[in-house]
Amino acid sequence: MKVKKTSLTGKILIIAIAVLTVTIVLFAYISTLRSQESVKELMRNRMINITNSAAAMINGDDLMKIKGDISDAKTEEYKRINSVLEVFYHSIDLKYVYAVKKLEDGYGVVVDPDMQAEDEYGEIIESTDALEAAMGGVSSADDVSTQDRWGSFYSSYSPVYNSEKDIVGVVAVDFDADWFDTRKGTLDRFLFMLCIVIVIGSAVIVWIITKRARRELNERRHESERLKQTKRAIEQAEATKRDFLGHITQQVRTPVHTVLEKNEKILEETHVDRTRLCANNILTAGHSLLSMINDILDYSNLEDNKIKLEEKEYDIVELIDKLARTISPSARENNLQFELTVDEVLPRYLYGDAPKLSQVIMNLLSNAVKFTLEGSVKMSVFMVALEGKEVVIKISVEDTGVGIHPDDMNRLFNAFERFDREKNNTTGTGLGMAIVQKLLELMDTELTVESLYGEGSIFTFMIRQGVVKDTPIGDFEHAADQLKYSTGKVTAETENSL
């Protein structure tokens, strides 16, 4: 009986040890699986955070202009995006980083610091659930690796937004599958080891892994926050610079007006030729300076979205006639012929922001006269379509001037940009075309430019305006003469009544 009792106790002990061992193994196995999922999720979040950081630094308006072929490599937009991606490519633990857009044949790679061959521009890649999610606005990473001619990777994607908050593409980051799978394989090897150790050992290992993963996640969070702070600091500095520029120009404009007023009194009261010559020079220089100040103020206000459309009824004959009478003396001084063509069927009385439309056209005409040494400047206004209570108008300004070099075309609308100084030896702020572009964007249209270097340029835009009366202009010269006659008659009647 004693032996039997000992045997029974031993069996119970063996069973207890077996149960405890199985419990430990199951607990270790379950703990390891949970740890695997936790670490895998943390690694996916790390990949997404890196991708989000890259996407946040890319200008969506630049990416929107990328077409997906070899010609992109020469554009300033491509270079700016590429320079941002290169920073991440060389400083963060990843295999590839590139920008993706939806092209005609699918999703194509449009910007990649590692691009070398021409056929790699716009190369179509396989769509994944993570890529589709990013195109829908949710940053995501692949759960399984994908394989192509470049190797095997885990990829993460983050959407890129333009200034209108529309998704224009995504930034993709590829991480070598070995980078991911090696860490997963290490956890798999831990499984066997944890199955033969006690529960405390399993808990310690899980704690170490979790702590390490959390530390990496916190580092990435801090890194992302630092990038956000840097971006906010840059934006604040830009806003401060614009405010300072606007304030200074406002302050300068007042004394310039005072100088011009005093100068006008000198011109009125003096008859000394030398004094009048100096006063006329002051008048010319003062108006030039005032024009520059106004350009800076307009651009600063447009940058800060302080300028809004103020639409009213207006007479397009009056608008065009004022433009023609304003630019004609400048054209004559430069020995240029000014030609004007106005569509006879164009409705005369329209609804829109006439002052801003006039400012756009005057900037184009002034530039045409300024950069044309001989020949002519032509302005044409045509009706494209009459759609109920709206009319689409095509306005063109053509010159026989110095033209624009193909290498400079992409910089045409850059603020404070002046190029080809040897040929364009004129003065100015370099803001005229930038202001034109922003005003046209405000009016929901854009400027197209055709230019032959050394032969001339054509600037064209189409604008939609409301129609107050569908009465056509008819013969423009006759309508303009009638306008002058009626204006002169009203002035004469007013003087007689006084």
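Asn-335 is exposed, with a relative accessible area of 68%; exposed means over 50%, buried under 20% and partly exposed in between (1.4 Å probe, protein chains only). The model is a predicted one, in which local features need pLDDT of at least 70, side-chain atom pairs count only at pLDDT 80 or more, and totals for chains, interfaces and linings use all residues. Residues are numbered from 1 along each chain as its sequence is written, and side-chain values use heavy atoms, with hydrogens and water left out.

Asn-335 sits in the loop between helix H8 (316–333) and strand S9 (337–342). Helices (H or I, at least four residues) and strands (E, at least two) are DSSP runs, numbered from the N terminus. The phi of Asn-335 is near 60°, a positive value in a residue other than glycine. Asp-444 also has a phi near 60°; its place is the loop between helix H10 (432–442) and strand S13 (448–452), and it is exposed at 74% relative accessible area. Most residues other than glycine have a negative phi.

## Aromatic pairs

The whole structure holds 2 aromatic pairs. Rings of Phe, Tyr and Trp (its six-membered ring) pair if their centres lie within 6.5 Å; planes under 30 degrees apart count as stacked, over 60 as edge-to-face and the rest as tilted. The rings of Tyr-78 and Tyr-121 are tilted, because their planes stand at 40°, with centres 6.1 Å apart. Tyr-78 belongs to helix H3 (residues 76–91) and Tyr-121 to the loop between strand S2 (106–111) and strand S3 (123–124), 43 residues apart. Both residues are buried.

Tyr-96 and Phe-153 form an edge-to-face pair, with ring centres 5.4 Å apart and planes at 75°. Since Tyr-96 is in strand S1 (residues 96–103) and Phe-153 in strand S6, the pair ties together parts 57 residues apart in sequence. Tyr-96 is buried at 14% relative accessibility, and Phe-153 is buried at 3%.

## Salt bridges

A search of the whole structure finds 10 salt bridges, each a side-chain nitrogen of Lys or Arg within 4 Å of a carboxyl oxygen of Asp or Glu. One of them joins Asp-315 to Arg-348, with the closest N and O atoms 3.1 Å apart. Asp-315 is in strand S8 (residues 312–315) and Arg-348 in strand S10, 33 residues apart; both are buried.

Arg-325 and Asp-321 meet at 2.9 Å, N to O. They are 4 residues apart in helix H8 and therefore separated by about one helical turn. Arg-325 is partly exposed at 47%, whereas Asp-321 is buried at 5%. Glu-390 bridges to Arg-464 with a closest N and O distance of 3.2 Å, linking strand S12 with strand S14 (residues 456–472) across 74 residues. A network of salt bridges links Glu-387, Glu-390 and Arg-464.

## Lys-389 and Lys-469

Lys-389 lies in the loop between strand S11 (376–387) and strand S12 (390–399) and is exposed, with a relative accessible area of 64%. Its C-alpha is 8.7 Å from that of Lys-469, a residue 80 positions away in sequence.
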